[in-house]
Amino acid sequence: MSDTIVDASRAATLPGLAELRRVAIVPALNEEHAVAAVVAELRAFDPGMDIVVVDDGSVDRTSAVATASGARVLRLPFNLGIGGAVQTGFRYAYEHGYDLAVRLDGDGQHDARQLGIVIEPVLRGEADIVVGSRFAATGQGYRSSRTRRIGIRLLAWVVSRIVGQRVTDTTSGFQALNREGIALFARDYPHDYPEVEATVMVFRHRLRLREVPVSMRERAGGRSSITALRSIYYMVKVLLAIFVGLFRRNVVPQEDSS
Amino acid sequence: MTPLAVSIVGALASFTLVLVVLELVRSRRLRERYALLWLLTGLTLTALSAWRNGLNTIAGWVGVRGYPPAVLFAVGILFILAVLLHYSTVISRLSDQNVVLAQRLALLEEQLVERATSER
(Lines give C-alpha, C1' and ligand atoms only; values in the text may rest on other atoms or scores of the structure.)
Protein backbone atom coordinates (compact mmCIF):
# COMPACT_ATOMS: atom_id res chain seq x y z
CA MET A 1 0.00 0.00 0.00
CA SER A 2 1.24 3.48 -0.69
CA ASP A 3 1.54 5.43 2.51
CA THR A 4 1.12 8.90 1.06
CA ILE A 5 -2.06 10.03 -0.56
CA VAL A 6 -1.08 11.72 -3.81
CA ASP A 7 -3.45 13.65 -5.93
CA ALA A 8 -2.94 11.09 -8.60
CA SER A 9 -5.33 12.43 -11.17
CA ARG A 10 -2.56 14.49 -12.79
CA ALA A 11 0.86 13.17 -13.71
CA ALA A 12 2.41 16.55 -12.91
CA THR A 13 2.12 15.78 -9.20
CA LEU A 14 4.39 12.76 -9.52
CA PRO A 15 8.03 13.70 -8.94
CA GLY A 16 10.49 12.32 -11.45
CA LEU A 17 7.92 11.19 -13.98
CA ALA A 18 8.65 13.96 -16.46
CA GLU A 19 12.28 12.84 -16.91
CA LEU A 20 11.28 9.32 -17.91
CA ARG A 21 10.46 8.12 -21.38
CA ARG A 22 7.03 6.65 -20.82
CA VAL A 23 4.45 4.85 -22.86
CA ALA A 24 0.91 3.60 -22.34
CA ILE A 25 0.07 0.23 -23.89
CA VAL A 26 -3.61 -0.18 -24.68
CA PRO A 27 -4.73 -3.54 -26.05
CA ALA A 28 -8.07 -3.23 -27.86
CA LEU A 29 -10.33 -5.72 -29.59
CA ASN A 30 -13.45 -4.28 -31.22
CA GLU A 31 -13.52 -1.20 -28.99
CA GLU A 32 -14.41 1.52 -31.51
CA HIS A 33 -16.83 3.05 -29.02
CA ALA A 34 -14.46 3.09 -26.05
CA VAL A 35 -10.90 3.50 -27.30
CA ALA A 36 -11.04 7.22 -28.12
CA ALA A 37 -12.14 8.05 -24.58
CA VAL A 38 -9.32 5.93 -23.16
CA VAL A 39 -6.76 7.78 -25.28
CA ALA A 40 -8.25 11.15 -24.29
CA GLU A 41 -8.11 10.26 -20.58
CA LEU A 42 -4.51 9.15 -20.89
CA ARG A 43 -3.61 12.41 -22.57
CA ALA A 44 -5.42 14.37 -19.87
CA PHE A 45 -3.51 12.47 -17.20
CA ASP A 46 -0.10 12.92 -18.80
CA PRO A 47 0.34 14.82 -22.09
CA GLY A 48 3.97 13.66 -22.27
CA MET A 49 3.13 9.99 -22.34
CA ASP A 50 3.22 8.21 -25.67
CA ILE A 51 0.16 6.08 -26.33
CA VAL A 52 0.26 2.84 -28.27
CA VAL A 53 -2.98 1.08 -29.07
CA VAL A 54 -2.53 -2.56 -30.01
CA ASP A 55 -5.42 -3.53 -32.25
CA ASP A 56 -5.77 -7.28 -31.83
CA GLY A 57 -7.42 -8.00 -35.15
CA SER A 58 -10.57 -5.94 -34.64
CA VAL A 59 -13.29 -6.19 -37.26
CA ASP A 60 -14.69 -2.76 -36.42
CA ARG A 61 -13.13 0.70 -36.74
CA THR A 62 -10.93 0.43 -33.65
CA SER A 63 -7.70 1.16 -35.57
CA ALA A 64 -9.15 4.14 -37.43
CA VAL A 65 -10.68 5.63 -34.27
CA ALA A 66 -7.45 5.16 -32.31
CA THR A 67 -5.36 6.74 -35.08
CA ALA A 68 -7.76 9.66 -35.33
CA SER A 69 -7.52 10.23 -31.59
CA GLY A 70 -3.78 10.63 -31.96
CA ALA A 71 -2.48 7.31 -30.64
CA ARG A 72 0.11 5.24 -32.37
CA VAL A 73 -1.54 2.05 -33.56
CA LEU A 74 -0.03 -1.41 -33.91
CA ARG A 75 -2.49 -3.28 -36.05
CA LEU A 76 -2.12 -7.03 -35.73
CA PRO A 77 -2.99 -8.89 -38.94
CA PHE A 78 -5.25 -11.29 -37.06
CA ASN A 79 -6.40 -11.96 -33.52
CA LEU A 80 -3.53 -13.14 -31.34
CA GLY A 81 -5.42 -13.22 -28.05
CA ILE A 82 -4.80 -10.79 -25.21
CA GLY A 83 -1.39 -12.24 -24.30
CA GLY A 84 0.06 -11.90 -27.79
CA ALA A 85 -1.46 -8.44 -28.20
CA VAL A 86 -0.10 -7.08 -24.94
CA GLN A 87 3.34 -8.55 -25.59
CA THR A 88 3.40 -6.70 -28.90
CA GLY A 89 3.11 -3.53 -26.84
CA PHE A 90 5.88 -4.59 -24.46
CA ARG A 91 8.15 -5.39 -27.44
CA TYR A 92 7.45 -1.94 -28.82
CA ALA A 93 8.25 -0.38 -25.46
CA TYR A 94 11.43 -2.41 -25.13
CA GLU A 95 12.76 -1.75 -28.62
CA HIS A 96 12.04 1.95 -28.39
CA GLY A 97 13.86 2.24 -25.10
CA TYR A 98 11.05 3.33 -22.81
CA ASP A 99 11.85 3.57 -19.09
CA LEU A 100 8.29 3.18 -17.90
CA ALA A 101 5.26 1.47 -19.38
CA VAL A 102 1.71 1.41 -18.17
CA ARG A 103 -0.85 -0.98 -19.47
CA LEU A 104 -4.59 -0.51 -19.39
CA ASP A 105 -7.43 -2.03 -21.32
CA GLY A 106 -9.02 -0.41 -24.35
CA ASP A 107 -12.56 -0.98 -23.08
CA GLY A 108 -12.35 1.83 -20.56
CA GLN A 109 -12.67 -0.28 -17.39
CA HIS A 110 -9.39 1.13 -16.09
CA ASP A 111 -9.55 4.75 -15.03
CA ALA A 112 -6.50 6.66 -16.28
CA ARG A 113 -6.97 9.17 -13.45
CA GLN A 114 -5.88 6.40 -11.06
CA LEU A 115 -2.67 5.79 -12.97
CA GLY A 116 -0.74 7.87 -10.46
CA ILE A 117 -1.45 5.31 -7.74
CA VAL A 118 -0.16 2.54 -9.97
CA ILE A 119 2.91 4.43 -11.21
CA GLU A 120 4.08 5.79 -7.87
CA PRO A 121 5.80 2.66 -6.42
CA VAL A 122 7.70 2.23 -9.70
CA LEU A 123 8.85 5.85 -9.62
CA ARG A 124 10.07 5.42 -6.06
CA GLY A 125 12.00 2.32 -7.09
CA GLU A 126 9.99 0.15 -4.70
CA ALA A 127 8.66 -2.25 -7.28
CA ASP A 128 9.43 -3.40 -10.80
CA ILE A 129 5.81 -4.17 -11.59
CA VAL A 130 2.76 -2.64 -9.95
CA VAL A 131 -0.69 -4.10 -10.42
CA GLY A 132 -3.89 -2.22 -9.74
CA SER A 133 -6.07 -4.60 -7.74
CA ARG A 134 -9.84 -4.48 -7.39
CA PHE A 135 -9.69 -6.45 -4.17
CA ALA A 136 -6.63 -5.11 -2.36
CA ALA A 137 -8.67 -2.57 -0.44
CA THR A 138 -12.07 -3.55 0.90
CA GLY A 139 -13.09 -5.96 -1.79
CA GLN A 140 -15.86 -3.58 -2.77
CA GLY A 141 -16.45 -1.73 -5.97
CA TYR A 142 -16.32 -4.52 -8.48
CA ARG A 143 -19.21 -6.63 -9.66
CA SER A 144 -19.02 -9.51 -12.07
CA SER A 145 -20.54 -12.93 -12.53
CA ARG A 146 -20.38 -15.42 -9.67
CA THR A 147 -18.28 -18.00 -11.52
CA ARG A 148 -15.88 -15.31 -12.61
CA ARG A 149 -15.45 -14.07 -9.03
CA ILE A 150 -14.90 -17.56 -7.66
CA GLY A 151 -12.35 -18.19 -10.41
CA ILE A 152 -10.50 -14.97 -9.66
CA ARG A 153 -10.44 -15.80 -5.93
CA LEU A 154 -9.23 -19.36 -6.50
CA LEU A 155 -6.45 -18.24 -8.81
CA ALA A 156 -5.43 -15.51 -6.38
CA TRP A 157 -5.22 -18.09 -3.59
CA VAL A 158 -3.14 -20.54 -5.66
CA VAL A 159 -0.79 -17.82 -6.85
CA SER A 160 -0.39 -16.36 -3.35
CA ARG A 161 0.64 -19.76 -2.00
CA ILE A 162 3.15 -20.26 -4.79
CA VAL A 163 4.82 -16.88 -4.70
CA GLY A 164 4.69 -16.47 -0.91
CA GLN A 165 3.18 -12.99 -1.03
CA ARG A 166 -0.46 -12.06 -0.79
CA VAL A 167 -1.81 -11.40 -4.25
CA THR A 168 -5.48 -10.46 -4.47
CA ASP A 169 -6.11 -9.80 -8.13
CA THR A 170 -4.24 -11.99 -10.58
CA THR A 171 -6.41 -11.04 -13.53
CA SER A 172 -5.90 -7.30 -13.51
CA GLY A 173 -4.61 -5.72 -16.68
CA PHE A 174 -4.02 -2.36 -14.98
CA GLN A 175 -0.25 -2.22 -14.51
CA ALA A 176 2.88 -0.12 -14.48
CA LEU A 177 6.34 -1.51 -15.23
CA ASN A 178 9.88 -0.23 -15.11
CA ARG A 179 12.55 -1.10 -17.67
CA GLU A 180 13.25 -4.52 -16.10
CA GLY A 181 9.59 -5.41 -16.14
CA ILE A 182 9.28 -4.32 -19.76
CA ALA A 183 12.35 -6.37 -20.70
CA LEU A 184 10.99 -9.50 -19.03
CA PHE A 185 7.59 -9.31 -20.67
CA ALA A 186 9.06 -8.38 -24.06
CA ARG A 187 11.10 -11.56 -23.92
CA ASP A 188 8.51 -13.93 -22.50
CA TYR A 189 4.82 -13.47 -21.95
CA PRO A 190 2.09 -16.10 -21.56
CA HIS A 191 -0.73 -16.63 -24.04
CA ASP A 192 -4.52 -16.48 -23.87
CA TYR A 193 -5.24 -15.36 -20.32
CA PRO A 194 -1.83 -14.17 -19.34
CA GLU A 195 -1.91 -12.16 -16.12
CA VAL A 196 -2.01 -15.14 -13.77
CA GLU A 197 0.99 -16.89 -15.26
CA ALA A 198 2.75 -13.57 -15.67
CA THR A 199 2.40 -12.92 -11.94
CA VAL A 200 4.13 -16.21 -11.12
CA MET A 201 6.76 -15.50 -13.80
CA VAL A 202 7.57 -12.13 -12.25
CA PHE A 203 8.38 -13.76 -8.92
CA ARG A 204 10.35 -16.57 -10.53
CA HIS A 205 12.55 -13.94 -12.15
CA ARG A 206 12.93 -12.23 -8.78
CA LEU A 207 11.35 -9.00 -9.83
CA ARG A 208 9.41 -7.07 -7.22
CA LEU A 209 5.65 -7.03 -7.67
CA ARG A 210 3.38 -4.77 -5.69
CA GLU A 211 -0.39 -4.50 -5.64
CA VAL A 212 -2.16 -1.22 -5.07
CA PRO A 213 -5.91 -0.77 -4.57
CA VAL A 214 -7.82 0.74 -7.47
CA SER A 215 -11.44 0.78 -8.45
CA MET A 216 -12.52 -0.34 -11.87
CA ARG A 217 -15.48 0.76 -13.92
CA GLU A 218 -18.12 -1.19 -15.71
CA ARG A 219 -17.12 -1.84 -19.29
CA ALA A 220 -17.73 1.25 -21.39
CA GLY A 221 -18.28 -0.63 -24.62
CA GLY A 222 -17.67 -3.92 -26.34
CA ARG A 223 -18.14 -7.33 -24.74
CA SER A 224 -15.92 -9.26 -22.37
CA SER A 225 -14.14 -11.95 -24.33
CA ILE A 226 -14.63 -14.45 -21.52
CA THR A 227 -17.79 -16.56 -21.22
CA ALA A 228 -18.69 -19.11 -18.53
CA LEU A 229 -17.59 -22.27 -20.34
CA ARG A 230 -14.39 -20.63 -21.50
CA SER A 231 -13.65 -19.57 -17.92
CA ILE A 232 -13.50 -23.22 -16.90
CA TYR A 233 -11.28 -24.08 -19.85
CA TYR A 234 -8.98 -21.18 -19.04
CA MET A 235 -8.93 -22.12 -15.40
CA VAL A 236 -7.73 -25.65 -16.16
CA LYS A 237 -5.25 -24.33 -18.71
CA VAL A 238 -3.85 -21.69 -16.42
CA LEU A 239 -3.49 -24.09 -13.48
CA LEU A 240 -1.67 -26.55 -15.75
CA ALA A 241 0.60 -23.76 -16.98
CA ILE A 242 1.37 -22.60 -13.44
CA PHE A 243 2.20 -26.04 -12.11
CA VAL A 244 4.27 -27.08 -15.11
CA GLY A 245 5.97 -23.69 -14.98
CA LEU A 246 7.17 -24.45 -11.46
CA PHE A 247 9.32 -27.23 -12.87
CA ARG A 248 10.98 -24.99 -15.42
CA ARG A 249 14.49 -23.89 -14.77
CA ASN A 250 14.69 -20.22 -14.07
CA VAL A 251 15.43 -18.30 -17.23
CA VAL A 252 17.13 -15.13 -16.11
CA PRO A 253 19.56 -14.34 -18.91
CA GLN A 254 21.51 -11.26 -17.75
CA GLU A 255 21.38 -10.89 -13.98
CA ASP A 256 22.15 -14.50 -13.05
CA SER A 257 25.65 -14.49 -14.55
CA SER A 258 26.87 -11.92 -12.01
CA MET B 1 -12.43 -60.51 -17.09
CA THR B 2 -9.51 -58.38 -18.26
CA PRO B 3 -6.14 -60.20 -18.09
CA LEU B 4 -3.93 -58.64 -15.40
CA ALA B 5 -1.02 -58.18 -17.83
CA VAL B 6 -3.23 -56.11 -20.15
CA SER B 7 -4.22 -53.84 -17.26
CA ILE B 8 -0.63 -53.33 -16.14
CA VAL B 9 0.79 -52.68 -19.61
CA GLY B 10 -2.16 -50.44 -20.49
CA ALA B 11 -1.83 -48.36 -17.33
CA LEU B 12 1.95 -48.02 -17.67
CA ALA B 13 1.76 -47.03 -21.33
CA SER B 14 -0.98 -44.45 -20.77
CA PHE B 15 0.71 -42.98 -17.75
CA THR B 16 3.96 -42.69 -19.74
CA LEU B 17 1.97 -40.65 -22.25
CA VAL B 18 0.91 -38.27 -19.46
CA LEU B 19 4.51 -37.85 -18.29
CA VAL B 20 5.81 -37.26 -21.83
CA VAL B 21 3.15 -34.61 -22.45
CA LEU B 22 3.99 -32.84 -19.18
CA GLU B 23 7.69 -32.88 -20.02
CA LEU B 24 6.99 -31.46 -23.49
CA VAL B 25 5.03 -28.62 -21.91
CA ARG B 26 7.77 -28.00 -19.35
CA SER B 27 10.46 -27.76 -22.01
CA ARG B 28 8.17 -25.49 -24.04
CA ARG B 29 7.91 -27.78 -27.02
CA LEU B 30 4.16 -28.15 -26.53
CA ARG B 31 1.78 -25.35 -25.60
CA GLU B 32 -0.65 -25.86 -22.74
CA ARG B 33 -3.53 -25.28 -25.12
CA TYR B 34 -2.63 -28.32 -27.19
CA ALA B 35 -1.53 -30.43 -24.25
CA LEU B 36 -4.95 -30.50 -22.57
CA LEU B 37 -6.55 -32.98 -24.97
CA TRP B 38 -3.51 -35.25 -24.79
CA LEU B 39 -3.55 -35.15 -21.00
CA LEU B 40 -7.25 -36.02 -20.97
CA THR B 41 -6.50 -38.95 -23.29
CA GLY B 42 -3.64 -40.22 -21.14
CA LEU B 43 -5.50 -39.86 -17.85
CA THR B 44 -8.70 -41.49 -19.12
CA LEU B 45 -6.80 -44.47 -20.54
CA THR B 46 -4.75 -44.78 -17.36
CA ALA B 47 -7.91 -44.81 -15.26
CA LEU B 48 -9.68 -47.33 -17.50
CA SER B 49 -6.65 -49.65 -17.51
CA ALA B 50 -6.04 -49.53 -13.78
CA TRP B 51 -9.69 -49.69 -12.68
CA ARG B 52 -10.34 -53.25 -13.75
CA ASN B 53 -13.87 -53.65 -12.39
CA GLY B 54 -14.87 -50.41 -13.99
CA LEU B 55 -13.61 -51.55 -17.37
CA ASN B 56 -15.62 -54.76 -17.06
CA THR B 57 -18.74 -52.83 -16.04
CA ILE B 58 -18.43 -50.38 -18.92
CA ALA B 59 -17.84 -53.28 -21.32
CA GLY B 60 -21.10 -54.78 -20.05
CA TRP B 61 -22.97 -51.49 -20.65
CA VAL B 62 -21.82 -51.14 -24.24
CA GLY B 63 -22.45 -54.80 -25.06
CA VAL B 64 -18.85 -55.99 -25.30
CA ARG B 65 -18.93 -59.65 -24.24
CA GLY B 66 -15.89 -61.86 -23.74
CA TYR B 67 -13.02 -59.37 -24.06
CA PRO B 68 -13.38 -56.16 -21.99
CA PRO B 69 -10.01 -54.63 -23.12
CA ALA B 70 -11.68 -54.00 -26.49
CA VAL B 71 -13.26 -51.02 -24.70
CA LEU B 72 -9.75 -49.64 -24.11
CA PHE B 73 -9.03 -49.75 -27.84
CA ALA B 74 -12.38 -48.14 -28.65
CA VAL B 75 -11.84 -45.29 -26.18
CA GLY B 76 -8.25 -44.84 -27.35
CA ILE B 77 -9.35 -44.62 -30.98
CA LEU B 78 -12.07 -42.11 -30.10
CA PHE B 79 -9.55 -39.86 -28.39
CA ILE B 80 -7.13 -40.14 -31.30
CA LEU B 81 -9.95 -39.12 -33.64
CA ALA B 82 -10.71 -36.14 -31.39
CA VAL B 83 -7.06 -35.06 -31.36
CA LEU B 84 -6.79 -35.40 -35.14
CA LEU B 85 -9.97 -33.42 -35.71
CA HIS B 86 -8.73 -30.75 -33.32
CA TYR B 87 -5.47 -30.55 -35.26
CA SER B 88 -7.35 -30.23 -38.53
CA THR B 89 -9.09 -27.15 -37.17
CA VAL B 90 -5.78 -25.80 -35.91
CA ILE B 91 -4.13 -26.32 -39.30
CA SER B 92 -7.03 -24.63 -41.04
CA ARG B 93 -6.68 -21.60 -38.81
CA LEU B 94 -2.93 -21.51 -39.32
CA SER B 95 -3.25 -21.57 -43.11
CA ASP B 96 -5.85 -18.80 -43.01
CA GLN B 97 -3.51 -16.70 -40.88
CA ASN B 98 -0.63 -17.49 -43.20
CA VAL B 99 -2.57 -16.10 -46.14
CA VAL B 100 -3.32 -12.91 -44.21
CA LEU B 101 0.35 -12.56 -43.23
CA ALA B 102 1.56 -12.99 -46.82
CA GLN B 103 -0.96 -10.44 -48.07
CA ARG B 104 -0.05 -7.93 -45.40
CA LEU B 105 3.64 -8.41 -46.24
CA ALA B 106 3.03 -7.84 -49.95
CA LEU B 107 1.12 -4.63 -49.20
CA LEU B 108 3.88 -3.38 -46.89
CA GLU B 109 6.57 -4.16 -49.46
CA GLU B 110 4.67 -2.25 -52.10
CA GLN B 111 4.42 0.76 -49.76
CA LEU B 112 8.16 0.66 -49.07
CA VAL B 113 9.05 0.49 -52.76
CA GLU B 114 6.59 3.28 -53.50
CA ARG B 115 8.13 5.47 -50.79
CA ALA B 116 11.69 4.74 -51.95
CA THR B 117 10.94 5.66 -55.56
CA SER B 118 9.06 8.83 -54.65
CA GLU B 119 11.96 10.02 -52.49
CA ARG B 120 14.46 9.64 -55.29
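The legends below describe a predicted model, in which local features need pLDDT of at least 70 and side-chain atom pairs count only at pLDDT 80 or more, whereas totals for chains, interfaces and linings use all residues. Residues are numbered from 1 along each chain as its sequence is written, chains are lettered from A and ligands numbered from 1 in the order in which they are written, and side-chain values use heavy atoms, with hydrogens and water left out.

**View 1. The interface of chain B and chain A.** Here 14 residues of chain B are in contact with 18 residues of chain A, contact meaning heavy atoms within 4.5 Å. The two chains bury about 1600 Å² between them, 56% of it on carbon and sulfur atoms; buried area is the accessible area (1.4 Å probe) that two parts lose on being put together, summed over both. Arg26(B), Glu32(B) and Arg104(B) supply 40% of the area that chain B buries against chain A, more than any other three residues.

**View 2. A salt bridge between the chains.** The count between chain B and chain A is two salt bridges, each defined as a side-chain nitrogen of Lys or Arg within 4 Å of a carboxyl oxygen of Asp or Glu. In one of the two, Asp188(A) pairs with Arg28(B), and the closest N and O atoms are 3.1 Å apart. Asp188(A) lies in the loop between helix H6 (179–187) and helix H7 (195–204) of chain A, and Arg28(B) in the loop between H1 and H2 of chain B, so the pair joins two chains; helices (H or I, at least four residues) and strands (E, at least two) are DSSP runs, numbered from the N terminus. Asp188(A) is buried at 18% relative accessibility, while Arg28(B), at 46%, is partly exposed; buried means under 20% relative accessible area, exposed over 50%, and partly exposed in between (1.4 Å probe, protein chains only).

**View 3. Charged residues around Asp111(A).** Asp111(A), buried with a relative accessible area of 8%, forms salt bridges with Arg113(A), closest N and O atoms 3.1 Å apart, and with Arg217(A), closest N and O atoms 3.9 Å apart. The latter pair links distant parts of the chain, 106 residues apart, with Arg217(A) in the loop between S7 and helix H8 (228–246) and Asp111(A) in the loop between S4 and H4 of chain A. Arg217(A) counts as partly exposed at 29% relative accessibility.

**View 4. Strand S5 of chain A and its partners.** Five of the five residues of S5(A) (residues 129–133) are buried, so this strand is largely enclosed by the rest of the structure. Ile129(A), Val131(A) and Ser133(A) are on one side and Val130(A) and Gly132(A) on the other. Three bridges join S5(A) to strand S6 (residues 175–178) of chain A in an antiparallel pairing, with Val130(A) opposite Ala176(A). Five bridges join S5(A) to strand S7 (residues 209–213) of chain A in a parallel pairing, with Ile129(A) opposite Leu209(A); two strands pair if DSSP finds at least two bridges between them.
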